[in-house]
2 protein chains.
Amino acid sequence: MAATPKPGAAVRGSRTGRPIMAALDLLGRRWALRVLWELRHGAQSFRALRARCDEVSPTVLNQRLAELRDSGIVAHAPGAGYALSAEGESLLAALAPLNDWAARWAAKGARKKRA
Amino acid sequence: MAATPKPGAAVRGSRTGRPIMAALDLLGRRWALRVLWELRHGAQSFRALRARCDEVSPTVLNQRLAELRDSGIVAHAPGAGYALSAEGESLLAALAPLNDWAARWAAKGARKKRA
DNA sequence: GCTTATAGCTACTGATTCAGTAGCACAAGG
DNA sequence: CCTTGTGCTACTGAATCAGTAGCTATAAGC
């Protein structure tokens, strides 16, 4: 299993250590952003989170949660389940412009009707 | 091979069709963002681009370029090589806040020195 | 104590995706 | 013809993901 991407170190897809590369490696892994997204609803248990994520396989969910915890983006309070840390909240905020871009992109794509 | 993620359709990691999910599927694929990033230097040939990307395997580079072209983010002018479209430029701009977040994240990680 | 239920997680198998190397077809220059 | 450069494909093996089953632990009910 690949190491949790860490700014300053080489990651999958780049050896420059640029923080953005580490972030993209971390967030680009399957379900990573989705988990983040679903956690905006507040703290929830492993199983509840899994249910929100289309019953993703626990293998992957556990892996993503471990990475996100390791990166200080998600916290696990025993009994209360998983929740975003302050860092996680600011990450969600930083993703907003990408969300906006995606919306504009979707609108254009609908007009062009690619393929 | 998986289809190019398209807003409005189910993608890897989500079936909601939310544009952000399609964008993340597209950009989360290995080397996708890196290619975008390296294209900010201006138009360049397939091989030049490949050299900038740590000699990524042409299989993957070609696949990512096809997806990005298919999504209207990258354009290929015969003779001039590959370049960002207007859409691609705005995507780069939308990624700036994530870049900032990553920088702050890296700074915190350095302080905490995880692991 | 025994059953039932929930939570968190691990094991195992098979599919998808990525990585790495080689090499093709085409065109320009000499 | 021979070399150089470009865009790309084929093929093989490795990493990652997906899907199902089930284990351990804690707590409630009886």
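These legends go with a set of close-up views of a predicted model.

**View 1. Residues around DNA strand C.** Here we zoom in on the 21 residues around DNA strand C. The ones that come nearest are A:S45, A:F46 and A:P58 from chain A, plus B:A2 and B:S57 from chain B. As for elements, those giving two or more residues to this surface are helix 3 (46–52) and helix 4 (58–70) of chain A, along with helix 4 (58–70) of chain B. By class, the surface near DNA strand C has eight nonpolar, eight polar and five charged residues.

**View 2. Where chain A meets chain B.** On one side sit 38 residues of chain A, in contact with 37 residues of chain B. Four helices of chain A each give two or more residues to the side that touches chain B: helix 1 (19–28), helix 2 (32–38), helix 5 (86–94) and helix 6 (96–112). Helix 6 of chain A has the largest share, twelve residues. Sort that side of chain A by class and you get 20 nonpolar, seven polar and eleven charged residues.

**View 3. The axis relating chains A and B.** Turn chain A by 180°, with a shift of 0.0 Å along the axis, and it can be laid on chain B with an RMSD of 0.1 Å. So what we have here is the relation of a two-fold axis. Within chain A, the C-alpha nearest the axis belongs to A:G28, 2.0 Å from it. Both copies use the same surface, too: 97% of the contact residues of chain A recur in chain B.

Methods. Residues are numbered from 1 along each chain as its sequence is written. Chains are lettered from A and ligands numbered from 1 in the order in which they are written. This is a predicted model: local features need pLDDT of at least 70, side-chain atom pairs count only at pLDDT 80 or more; totals for chains, interfaces and linings use all residues. A residue is near a molecule or strand if its C-beta atom, placed from the backbone, lies within 6 Å of it. Ala, Val, Leu, Ile, Met, Phe, Trp, Tyr, Cys and Pro count as nonpolar, Asp, Glu, Lys and Arg as charged, and the others, Gly among them, as polar. Two residues are in contact if their C-beta atoms, placed from the backbone, lie within 7 Å. Copies are superposed by least squares on the C-alpha atoms of residues with pLDDT of at least 70 in both.
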